[in-house]
Amino acid sequence: MSSAGLLDGIRVLDLTRFVSGAYASFTMATLGAEVLKLESPRGGDPYRKQGTARVGDESVLFMTLNSAKKSVSLDFRAKDARPATEALLASCDVLLENGRPGSLAKYRLDYESVHARHPHIVYGSISGFGDVGPDASRGGFDLILQASGGLMSVTGHEDTGPAKIGAPVTDIGAGLACVVGVLAALVDRERTGVGRQVSTSLLEFSLAALATLATTYLVNGELPGLLGSHSPTFAPYGAFRASDGMFVAAGAGSEALWRRFCRALDAPHLVEDPRFVDNASRVAARAELTKEIEAFTTRRTVAEWLAVFERSRVPADRLNDVAGVLDGAQALALGTVQRLLHETAGAYPVLGIPVRIDREPLPIPSAAPRLGRHTREVLRSVGVTPSELEALIRTGVAAEAP
């Protein structure tokens with residue numbers, strides 16, 4: 001059975017920009033929803049112009065996040081666009097937005113206004129700090145929320161200071177969290193006929209990512225601090241230097257694994273060392289333990305240690321860079337990288353969403369759209385007449401791709 005089209009029949013009005021919201025709507029589009037990306041006629045989504053990598057004249061940043069969507073170039077802020085915007089809204093099952101809380105109220109596109117007119121719509125919102133509380137009105141990108149949300153306090157080394165996680169994890173995580181909530185609300189709508197408001201934020205995903213560390217703090221007040229590649233909860237559990245200057249990541253998340261790890265190192269005496277008698281002791285003496293372990297790991301290369309750990313059934317792997325993981329056999333087997341064909345830029349690669357159905361990757365239905373590529377098609381489908389459409393285009397309220 002094909003895994004494509006799981007959300008066939010679900011139409012999404014996408015008012016999002018940047019990463020978190022765009023990833024949420026990209027996920028829904030890959031799952032089979034029809035996503036109508038509403039863009040300003042004056043340049044469209046800012047990411048169409050941003051980013052350092054390009055395919056032809058198109059931004060890779062934009063195409064990565066907006067494949068499988070339809071571009072409707074209509075300025076919903078303009079008074080003349082309101083009837084067409086309302087017709088679009090009435091045809092949709094879901095509205096997604098990631099503006100500052102309250103920013104859409106003046107256009108009557110906030111949740112309360114939309115719900116009053118179209119109670120069937122599931123309304124999904126992503127913000128920086130959440131839609132309640134003293135910081136609700138603040139904006140924030142991934143960097144800001146990694147700092148404010150606590151992630152940078154546990155990432156980096158004491159000698160060099162805190163570090164941002166290199167990928168926009170709070171953006172992607174908040175986008176996926178929003179999709180989970182929207183799908184649950186759609187299921188609920190099947191029972192009630194009424195849509196719900198789904199809210200999430202980059203801060204809430206940061207807190208979710210800190211779950212075990214946060215609970216430890218709440219229980220006993222301990223703060224983990226900067227541990228580099230190591231864990232505040234388990235030891236040994238980190239990256240250790242090998243003889244070739246590379247690092248091997250290995251973890252012992254149980255006492256049985258700790259004993260196997262020591263046997264694999266050919267260091268059975270560490271099991272009896274009173275400093276390392278149990279996991280709590282090893283965590284407390286992490287610096288000493290790491291020094292003891294690296295006295296052994298620096299005797300062999302990463303490749304040699306991987307063979308040893310494999311035989312010993314100790315979880316371990318090399319530290320891959322982006323090329324290493326994307327070019328690896330496992331990513332290939334998972335079907336992670338897909339190639340799409342853009343109308344003007346040609347072929348380009350995109351990573352699919354991190355979900356497979358019946359063991360098969362979900363194919364991305366189509367390439368990213370040119371600005372206004374679907375304006376005429378979509379607006380005509382919701383009842384905008386040819387003369388009305390021409391007037392919108394003539395006045396600059398709408399646009400279509402050449």
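Helices, as the word is used here, are DSSP runs of H or I with at least four residues, numbered from the N terminus, and arginine 260 has its place in one of them, helix α9. The structure is a predicted model, and its protein chain has 17 helices and 18 strands. Of the 402 residues of the chain, 45% count as buried, and the C-alpha atoms fill a box of roughly 85 × 45 × 40 Å along the principal axes. Among contacts in the chain with a separation of 6 or more, 70% are accounted for by residues 24 or more positions apart.

- Arginine 260 is buried, because its relative accessible area of 18% falls under the 20% cut-off.
- Leaving aside neighbours within four places in sequence, arginine 260 is in contact with Ser312, Arg313 and Val314.

**Packing of α9 with α12**

- Helix α9, made of residues 255-265, packs with helix α12, made of residues 286-297, at an angle of about 40° and with the axes 10 Å apart, which means that α9 is oblique to α12.
- On the α9 side the contact is made by Trp258, Phe261 and Leu265, and on the α12 side by Leu289, Ile293, Phe296 and Thr297.
- The residues of this contact between α9 and α12 divide into six nonpolar and one polar, with no charged residue.

**Helix α6 and its surroundings**

- Helix α6 runs over residues 169-192, and its 24 residues reach 34 Å from the first C-alpha to the last, close to the 34 Å expected at 1.5 Å a residue.
- Buried residues of α6 include Thr170, Asp171, Cys178, Val179, Val182, Leu186, Asp188 and Arg189.
- The elements that cover the buried residues of α6 include the helices α1 (20-30), α5 (142-148) and α7 (202-209), together with the strands β6 (94-97), β7 (122-127) and β10 (197-201).
- Just after α6, glycine 193 takes a positive phi of about 80°.

- The side chains of aspartate 93 and arginine 189 are joined by a polar contact of 2.9 Å, and arginine 189 is itself among the buried residues of α6.
- Apart from neighbours within four places in sequence, aspartate 93 is in contact with Gly9, Ile10, Arg11, His120, Ile121, Val122, Leu186 and Arg189.

**Backbone features to check in the loops**

- Most residues other than glycine have a negative phi, and most peptide bonds are trans.
- Phenylalanine 18, in the loop between β1 (11-14) and α1, has a positive phi of about 60° although this residue is not a glycine, and with a relative accessible area of 22% phenylalanine 18 is partly exposed.
- Alanine 68, in the loop between α2 (60-66) and β5 (70-74), has a positive phi of about 75° and is likewise not a glycine, and alanine 68 is buried, with a relative accessible area of 10%.
- A cis peptide bond, with omega of about -5°, joins alanine 235 and proline 236, and proline 236 is found in the loop between α8 (211-220) and β11 (237-241).

Note on methods
Residues are numbered from 1 along each chain as its sequence is written. Side-chain values use heavy atoms; hydrogens and water are left out. Helices (H or I, at least four residues) and strands (E, at least two) are DSSP runs, numbered from the N terminus. The expected span of a helix is 1.5 Å times one less than its number of residues. Buried means under 20% relative accessible area, exposed over 50%, partly exposed in between (1.4 Å probe, protein chains only). Contact means heavy atoms within 4.5 Å. A polar contact is a pair of N or O atoms within 3.5 Å; within protein, one must be able to donate a hydrogen and the other to accept it, and residues adjacent in sequence count only if both atoms are side-chain atoms. Axes are lines fitted to C-alpha atoms, for helices over the stretch in contact, and angles run from 0 to 180 degrees between N-to-C directions. Angles under 35 degrees count as roughly parallel, over 145 as roughly antiparallel, 65 to 115 as roughly perpendicular and the rest as oblique. Ala, Val, Leu, Ile, Met, Phe, Trp, Tyr, Cys and Pro count as nonpolar, Asp, Glu, Lys and Arg as charged, and the others, Gly among them, as polar.
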